[in-house]
Amino acid sequence: MTEHSPAWDPAQYLRHADHRARPFTDLLARIPDLPAQRQGRPPRIADLGCGPGNVTALLAARWPTARITGYDTSREMLDRAEAEHAGPTPGGGRLDFATADARTWTPAEPCDLIVSNATLQWVPGHLDRFADWAAALRPGGTFAFQVPGNFTAPSHSLMRELADSPRYRHRLAGVLRHADAVHTPETYLEHLTALGCTADVWETTYLHLLPGEDPVLDWVKGTGLRPVLTALADEPELREAFLAEYTDALRAAYPPGPHGTVFPFRRIFAVARKEGRAP
């Protein structure tokens, strides 16, 4: 969702689906009852940056009567989501998907819940969008999101250092996100409360135990490395050279243990409930 929009590979992204979904389930557990539940009507829910739709489907499990729309900019991700998850839900609700960019998206109708999972780090200036999204919530509605907080971790810092080296700088300048792609938990708390919301903000570091050879490389191939893979797609020799150097650096930073490779991953969460009683 930036000017350097990467090409996405749903199959690669889903290779670590269980680990990637866990932060969303933790976020979901902290979301309170929605205004619609108190009014006896189907909730209206928007999932901003839905990807392949696997976690969007968890919203339908929590609110089986809801009308849920997942939004994304990637046609590849939306095609996978529509093929596997779109349509009526067993509880009488409906799950749909549509193209939208978080930089400009505003709901066409009031929402009970706007949720975003590991998306806002791709949206420069996303704090400036919070006011529009909060305004679109029904009284008592919720805006909830989680973002990676690991941009200073070796998985990302080594990638940026290599991209800025003389061999690759001419192709990768400005492609990668930097440590300021997300804000501190305190900043999110300040902005959400300033909008009149009751906010719950926290952070967690997961210790993912990944199996297989070079599993951290395999992980970032589905997410953080996508801009590099996209930028170097038409220069396969340069792409393979970058991957070889990056792989060596990752092996040193994340050595395998007897039971797998430990991959610490910090995440930042926020659940903001709009003040006011639903009519």
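**Briefing on a predicted model**

Asp214 is partly exposed, with a relative accessible area of 21%. The model that contains this residue is predicted. Disulfides number 0 in the structure.

**Overall form**

- The protein has 279 residues and a radius of gyration of 19 Å, which agrees with the value near 19 Å that a compact globule of that length would have.
- Along the principal axes, the C-alpha atoms fill a box of roughly 60 × 40 × 40 Å.
- Of the 279 residues in the protein, 52% are buried.
- The accessible surface comes to about 12300 Å², and carbon and sulfur atoms account for 52% of that surface.
- When contacts between residues at least 6 apart in sequence are taken, 80% of them join residues at least 24 apart.

**The sheet**

**Strand β4 and its partners**

- Strand β4 spans residues 94–99 and pairs with β3 in the antiparallel sense, over 2 bridges.
- Within this pairing, Gly87 stands opposite Leu95 in β4, and Pro88 stands opposite Arg94 in β4.
- The hairpin of β3 and β4 has 5 residues between the strands, and Gly92 in this hairpin takes a positive phi near 95°.
- With β2, strand β4 pairs in the parallel sense, over 6 bridges.
- Asp72 has Thr99 in β4 as its bridge partner.

- Ala118, a residue other than glycine, has a positive phi near 55°.
- Ala118 lies in the loop that joins β5 (111–117) to α6 (130–135).
- Asp214, also a residue other than glycine, has a positive phi near 50°.
- The loop between β7 and α10 (215–220) is the place of Asp214.
- At a relative accessible area of 21%, Asp214 counts as partly exposed, since the buried class takes values under 20%.

- A disulfide is a covalent bond between the sulfur atoms of two cysteines.
- The structure has 0 of them, and the cut-off for counting one is a pair of cysteine sulfur atoms within 2.5 Å.
- For Cys50, the closest cysteine sulfur is that of Cys111, and the distance of 14 Å is too far for a bond.
- For Cys111, the closest cysteine sulfur is that of Cys197, and this distance of 14 Å is likewise too far for a bond.
- Cys50 is buried, because its relative accessibility is 3%.
- Cys111 is buried as well, because its relative accessibility is 4%.

Technical notes:
Residues are numbered from 1 along each chain as its sequence is written. This is a predicted model: local features need pLDDT of at least 70, side-chain atom pairs count only at pLDDT 80 or more; totals for chains, interfaces and linings use all residues. Side-chain values use heavy atoms; hydrogens and water are left out. Two strands pair if DSSP finds at least two bridges between them. Helices (H or I, at least four residues) and strands (E, at least two) are DSSP runs, numbered from the N terminus. Buried means under 20% relative accessible area, exposed over 50%, partly exposed in between (1.4 Å probe, protein chains only). The radius of gyration is taken over C-alpha atoms; the globule rule is 2.2 Å times the number of residues to the power 0.38. Contact means heavy atoms within 4.5 Å. Accessible areas come from the Shrake-Rupley method with a 1.4 Å probe; for residues, only the protein chains shown count as cover.
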